[in-house]
Amino acid sequence: MEDELKFNLENIRLLDLKLIHRTQEKIIGKFKRNDLVKAMEAPEQDVNNKILRNISKYLYNVSPQYKRLILYFSNLLTFDNYIEPYNLEEKINIKKFKKNYNQIVSQVEKMNLIHELSKVIHSVFKEGVFFGYIHQGEDSFFLQQLDADYCKITFIEDGVYGFAFNFQYFHIYPERLRQYPQEFSDIYNKIRENPSNTYWHDLTAENTLCIKFDGTVWYFIPPFVGIVTGK
């Protein structure tokens, strides 16, 4: 009886992923399994990249198993941190050292890295990438996530990815412009003054953050989306 119960539970646990493998069903929103396979063949293309990310987001919402897989790996990193002084001189000005150390501690505490970086890594496992804009005040720090459908990596500065944003986003969602920092309003207003300008504009690297799951390729895909391609 115990073995039979275990067998049934395993079948229930895998049920939704087995249904996804049916070749001709519309299994992922408006996409079929063949759409997923074709997108995996050329993930560097923008259209395929978007398909893969949308499939992953859909699976995250409808499949408890897929969601649990992403949450498991994204929660492995706790982002606990400590500050360790290094390269100290033989004679240390204790007063100056304490002042600088306390400033750094205050800055790290203000950034609330455990919370903010948890959002980043969760997006990385779900979409393969995190695009964000840094908001920083005297006593506050916040990473505003940007829609990956309107972002693309365009340069590398000091080993860090920089990216452009498609300002057509505000043609579709004009009411959201005030929810974004001044840099967005400045660029968008210039575009409206001269419609011949491109909608893609690089954002300043010092105010942005781009983290990818796979640093060996320039494009990005959700790391687990391929598990549903099998028959």
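Student: On the other side of α2, which residues are exposed?

Tutor: Exposed means over 50% relative accessible area, buried under 20%, partly exposed in between (1.4 Å probe, protein chains only). Here Lys 38 and Glu 41 are exposed. Helices (H or I, at least four residues) and strands (E, at least two) are DSSP runs, numbered from the N terminus. This is a predicted model: local features need pLDDT of at least 70, side-chain atom pairs count only at pLDDT 80 or more, and totals for chains, interfaces and linings use all residues. Residues are numbered from 1 along each chain as its sequence is written, and side-chain values use heavy atoms, leaving out hydrogens and water.

Student: Which residues of helix α2 are buried?

Tutor: Helix α2 spans residues 33-41, and its buried residues are Arg 33, Leu 36 and Ala 39. They lie on the same side of α2 because they cover an arc of only 125° around the axis. That arc is taken from the directions from the helix axis to the C-beta atoms.

Student: In what order do the strands of the open sheet run?

Tutor: Two strands pair if DSSP finds at least two bridges between them. Here 3 strands form the open sheet, ordered β5-β6-β7, with antiparallel pairing. β5 (151-157) and β7 (200-202) are the edge strands, each pairing on one side only.

Student: Over how many bridges do β6 and β7 pair?

Tutor: Strand β6 (residues 160-166) pairs with β7 over 3 bridges, in the antiparallel sense. Ala 164 has Asp 202 in β7 as its bridge partner.

Student: What share of the protein chain is buried?

Tutor: Buried residues are 33% of the 231 residues. The chain has 8 helices and 8 strands.
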